[in-house]
Amino acid sequence: MTVQVEINEALGREYEAGFVSDIESETFEPGLDESVIERISKMKNEPEWMLEWRLGAFREWLKMEEPDWALVDYPKIDFQAIAYYSAPKSMKDKPKSLDEVDPELLRTYEKLGIPLIEQQMLAGIAVDAVFDSVSVVTTFREKLYEAGVIFCPISEAIIEYPELVKKYLGSVVGRKDNYYSALNCAVFTDGSFVYIPKGVRCPMELSTYFRINEQNTGQFERTLIIADEGSHVSYLEGCTAPQRDENQLHAAVVELIAMDNAEIKYSTVQNWYPGDENGKGGIYNFVTKRGICHTSAKISWTQVETGSAVTWKYPSCILKGDNSVGEFYSVALTRGRQQADTGTKMIHIGKNTKSTIITKGISAGRSNNSYRGLVKMMASADGARNFTECDSLLIGDKCGAHTFPYIESRNPSAIVEHEATTSKVSDEQLFLCRQRGLDPEKAVSMIVNGFCKEVFKELPMEFAVEASKLLEISLEGSVG
Amino acid sequence: MSNTKSLLTIKDLYAGIEEKQIIKGFNLDIKPGEVHAIMGPNGAGKSTMGYVLSGRDGYEVESGSVTFNGQNLLEMEIEERANAGLFLAFQYPVEIPGVSNLEFLKASVDAVRAANGEEAISSSELLKQAKAACKQVDLPLAFLKRGVNEGFSGGEKKRNELMQMLLLKPKLCILDETDSGLDIDALQLVAKGVNSQRSEDRSFIIVTHYQRLLDYIKPDFVHVLADGKIVKSGDASLALELESQGYSWLESADVENNAETKVEG
């Protein structure tokens, strides 16, 4: 039918961030063994304890097996064919200020809509820009420091704040947690470190922008956010990569610690290269994100996932403290041959803990989109509550939407609610929009945006606009 | 009046869905400002007519021509027809969850304006017009923030269609059984809205099964549609005649005063 053709055209967009920056890099030869890990650690001037920690993780990883329970299908990854470190040569002598940073790097971020010159930036947002395996720039550091907030590359935090890092790194996602997190523990290169002191409300939005540029490299980012008692922080990450025919691995670990009465809002706009319409190329996004909430603390995950060839990601909350709150809001759009298996885990340990899960999966083309979630009520979780709503929207008839909700309750006073719907962008809706003058692309993007509204309203203002635009671009045939 | 340029001219139109022919030799001429009622029994092709004119996918035209405002309507995309001033008020308006009425109105109004080389409407101007339209169709202002038709009652949906019409200011409005499922109060309200929009540069095609809507919207012409073509045309009094006689007379083979000489075999 013509409607189908039009929608397919609408979805055949180009990937805006697919350019390659011409930057001379120092890249390791592909391959992974203990000597590679030693070299990474040495490149970063790490203390001995860090190297030991990495090697411990690597030895665990060797004993582990790649998980195969997710509803995704991809050829076996050859971990010896990946380069584990790549950094622009210009970053070797650490630039002391922006003036010393290679202008080509700055241009790359500008092209991506992330100007790193503070005067040009969106007011109120500090950015850590990670390029392949290193952090290029972290803006507004001094201003944040005045408020007592530490925002820096994790490679620096390991040297500058070893006590904090030692205490919390691996405390939420242990080295043996899973296959990809163990690999990340062994070879992670950079990422962001955030510490918000007691009672401080972080004066700016913090964000990290991850860019993969070099060919055949993996990006293994590591982010650690600690919100001390009664503090508050909102953090956003964004990510893109060039358009290449080979698949590239991105295996990140993010750990959040929300102490008593603290609140962390973590938002992701994930736009890794998704591969072409036939499924060639694209990023494998295998990510472990987890936070722990102490008494009356709150962690809120919001994610907008439009990129990656394969996504395997379950941002989770351990609700350890009484009265703590966990939230997960997600929009996952798959098209072409993309595959996403994503969701969350809410582990209720404390009394009167509360969690909310709202997910919107949009599938188009020949893609597969799965929600996988676990709500676990431990015996100690008196009066705990969960509400889950999973909605799927299908565009066309060659895609798939799947829901795998797991519920385990060991406490009879706990209440778990689950709602799920599946709908289609109907011919009637499309016809109504077009009869009122909208072209098919605008019509589809409007319908999809409406479907996602509940999640978009959870994003910080600037990013809600960005996410909505990203979705529109993802759905549009032509990109300017 | 007969010298005025036609807004819509349909000639010998044959059309249908997939293989099934539904419109069989349809002729109609509408001049600016005229109100035409198309009546007929179920299955006569009344709704199909609206879909064919608006270009809905799946409705194929076999032969014939349709000229709208000097343009070949049949060659235009759905949205091009809409932007040229053709508006279809749906019999069963569909819901678009999460897309607010106001957002939808702005996108529609802007699409029409863009097609006419005009700038997008300012949000404040749109809000002003939308509020006025709400008042006119008696919908609370809160409806502007609600999702398009989301959870609306049948009558509210019809009034919402009317609100869109008020803002889009089309040249030709096709009301597809807008009266179906409405109680008498809602019917009067819809009629009032339509009457307020009657003007020299706006024409209406009112598709209806019953005469009662025509008590409130007085048509210039009434056409009886049976088996895909107009079998009788007249003035408003024809509607009253139909009311008293029903449609059963159509089934008796000799239809007198056949508006069209062409008879399908």
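This is a predicted model: local features need pLDDT of at least 70, side-chain atom pairs count only at pLDDT 80 or more; totals for chains, interfaces and linings use all residues.

Biologist: Which residues of α3(B) are buried?

Modeller: They are B:Asn101, B:Phe104, B:Leu105, B:Ser108, B:Val109, B:Ala111 and B:Val112. Buried is when 20 or more other C-beta atoms lie within 10 Å of a residue's own, exposed is 12 or fewer, and partly exposed is in between, with C-beta atoms placed from the backbone. Seen down the axis of α3(B), those buried residues fall within an arc of 155°, so they line one face of the helix. The arc is taken over the directions from the helix axis to the C-beta atoms.

Biologist: OK, back to α3(B). What covers its buried residues?

Modeller: The cover includes α2, β7, α4, β8 and α5 of chain B. Contact here is C-beta atoms, placed from the backbone, within 7 Å.

Biologist: And how far apart are the end C-alpha atoms of α3(B)?

Modeller: They're 21 Å apart, which agrees with the 21 Å that its 15 residues should span at 1.5 Å a residue. That expected span is 1.5 Å times one less than the number of residues. Just after α3(B), B:Gly117 takes a positive phi of about 70°.

Biologist: New topic: what's the strand order in the 6-strand open sheet of chain B?

Modeller: The order is β6-β9-β10-β3-β11-β12, with mixed pairing. β6 and β12 of chain B stand at the edges, each with a single partner strand, so one side of each has no neighbour in the sheet. Two strands count as paired if DSSP finds at least two bridges between them.

Biologist: How do β9(B) and β10(B) pair?

Modeller: In the parallel sense, over 5 bridges. For instance, B:Leu172 has B:Ser203 in β10(B) as its bridge partner.

Biologist: Which helix lies across β3, β11 and β12 of chain B?

Modeller: That's α8(B), residues 236–245, running at about 45° to β11(B). Axes are lines fitted to C-alpha atoms, for helices over the stretch in contact, and angles run from 0 to 180 degrees between N-to-C directions.

Biologist: Over to chain A. Is β12(A) enclosed or open?

Modeller: Largely enclosed by the rest of the structure, because 8 of its 8 residues are buried. Both faces are covered: A:Glu263, A:Lys265, A:Ser267 and A:Val269 are buried on one side, and A:Ile264, A:Tyr266, A:Thr268 and A:Gln270 on the other.

Biologist: What's joined to β12(A)?

Modeller: β9(A) runs parallel to β12(A), with 8 bridges joining them, and A:Gly238 stands opposite A:Val269. β14(A) is parallel to β12(A) too, through 8 bridges, and there A:Lys265 has A:Ser300 as its bridge partner.

Biologist: Last one: how many residues does each chain give to the contact?

Modeller: Chain A gives 21 residues and chain B gives 21 residues. On the side of chain A that touches chain B, α9(A) gives the most, with 7 residues.

Methods. Residues are numbered from 1 along each chain as its sequence is written. Chains are lettered from A and ligands numbered from 1 in the order in which they are written. Helices (H or I, at least four residues) and strands (E, at least two) are DSSP runs, numbered from the N terminus. Two residues are in contact if their C-beta atoms, placed from the backbone, lie within 7 Å.
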